[in-house]
Amino acid sequence: MGKVIVVTSGKGGVGKTTSTAALGAALAQNGAKVVVVDFDVGLRNLDLVMGAERRVVYDLVNVIQGEAKLTQALIRDKRVETLFLLPASQTRDKDNLTPEGVEKVITALKNAFDWVICDSPAGIERGATLAMRHADVAIVVTNPEVSSVRDSDRIIGLLDSKTLKAENGETMEKHLLLTRYDSARAERGDMLKVDDVLEILSIPLLGIIPESMDVLRASNVGSPVTLADGRSAPAIAYFEAARRLNGEALPVVIPGDKRGLFGKIFGRRAA
Amino acid sequence: MNLLRMFSRQQSGAAARERLQVLLAHDRASTGDSELVTKLRDEILRAISKHMEVDADKVSVKLERGIPVSTLFVDVEIPHDAERKAA
């Protein structure tokens, strides 16, 4: 039985889709069977970031409405053979997502894959609440910036109240993924510090992804950043985050941190 | 000139943290009653009206959010002859 992850944030443009693609590819490159699911019905983009936009025939809504079989809608990645994409519909609207339909699809995917990664739409409406509903683990994507942190706080509240786990009295496992981290701005003191964000949101840190041209370049060519250039700084950060998802206790290094070797060895550890 | 500005400018990251801490404390608490200040204003006005005549427009109630405490400002304008009239 696979694990269901929701990648969510409340605010748009913080890096949910980029992170879904990068983490999905990173996990699959290590041999796990991974499916990334786009929940942004009407505004799909995961297909574009994954470079599969020309291969979409059927989508999540088709499967829910019974117009296509799940196996027909799944698109296998051309680079990593254990990586699959279930695209969202571009033409229908999000009312076509029914709670029962979503549950059926997620259950089927859980039985076939090791990881089911759901890319949530921005906002706190139907699409977002259905994307998080069946999750075992939540990745809250946050930029070190006031509006993103506030929206993440709101999303954490929803994860703790509107999900199946919460309704069954269990606690949702939540991780913070801090993206678009700019070490030059941090050094000038013009950015929220990592510790500030951690203290305010009080969920454990999964990783810090540096702001980088490599992320834009990867999306331009339709490749998850972990596949486009595995040795770039953001790719390394995503690979490490993927290992932490697998339960490894890797310490998190703040990008551009000027601590010496000693500081790095005894640096912060992922909670 | 630029150098001076660079040294005198406060680091904005710290301001962001402080504003967020106050804001979120209230975001988390205020999911229930968004009409609190209006209700307080009505009840305060009613309580005062029992003892003296006040103009409803001259009662202002404001809530200033802070950490660790918020402050409720109640400002009531009482005309000079109000006490005599009520008595």
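**Exercise 1.** Describe how helix α1(A) passes α13(A), and state which residues make the contact.

*Solution.* α1(A) passes α13(A) in a right-handed crossing, a term used where the near helix is turned clockwise from the far one by less than a right angle. The model is predicted, so that local features need pLDDT of at least 70 and side-chain atom pairs count only at pLDDT 80 or more, whereas totals for chains, interfaces and linings use all residues. Residues are numbered from 1 along each chain as its sequence is written, chains are lettered from A in the order in which they are written, and side-chain values use heavy atoms, with hydrogens and water left out.

Next, take the geometry: α1 (residues 16–29) and α13 (residues 233–245), both of chain A, pack at an angle of about 70°, and their axes are 9 Å apart. That angle makes α1(A) roughly perpendicular to α13(A) (65 to 115 degrees).

Finally, the contact (heavy atoms within 4.5 Å) involves, among others, A:A22 and A:A26 of α1(A) and A:Y238 and A:F239 of α13(A).

**Exercise 2.** Classify the pair formed by the rings of A:F84 and A:F113, and describe the setting of each residue.

*Solution.* The ring centres of A:F84 and A:F113 are 5.4 Å apart and the planes stand at 70°, so the pair is edge-to-face (centres within 6.5 Å, planes over 60 degrees apart). A:F84 lies in strand β4 and A:F113 in the loop between α5 and β5 of chain A, so the pair ties together parts that are 29 residues apart in sequence.

For burial (under 20% relative accessible area), A:F84 has 11% and is buried, and A:F113, at 5%, also counts as buried.

Methods. Phe/Tyr/Trp six-rings, centres within 6.5 Å; stacked < 30°, edge-to-face > 60°. Helix = DSSP H or I, 4+ residues; strand = E, 2+ residues; numbered from the N terminus. Buried < 20%, exposed > 50% of the residue type's maximum accessible area, 1.4 Å probe, protein only. Axes fitted to C-alpha atoms, helices over the stretch in contact; angles between N-to-C directions. Parallel < 35°, antiparallel > 145°, perpendicular 65-115°, else oblique.
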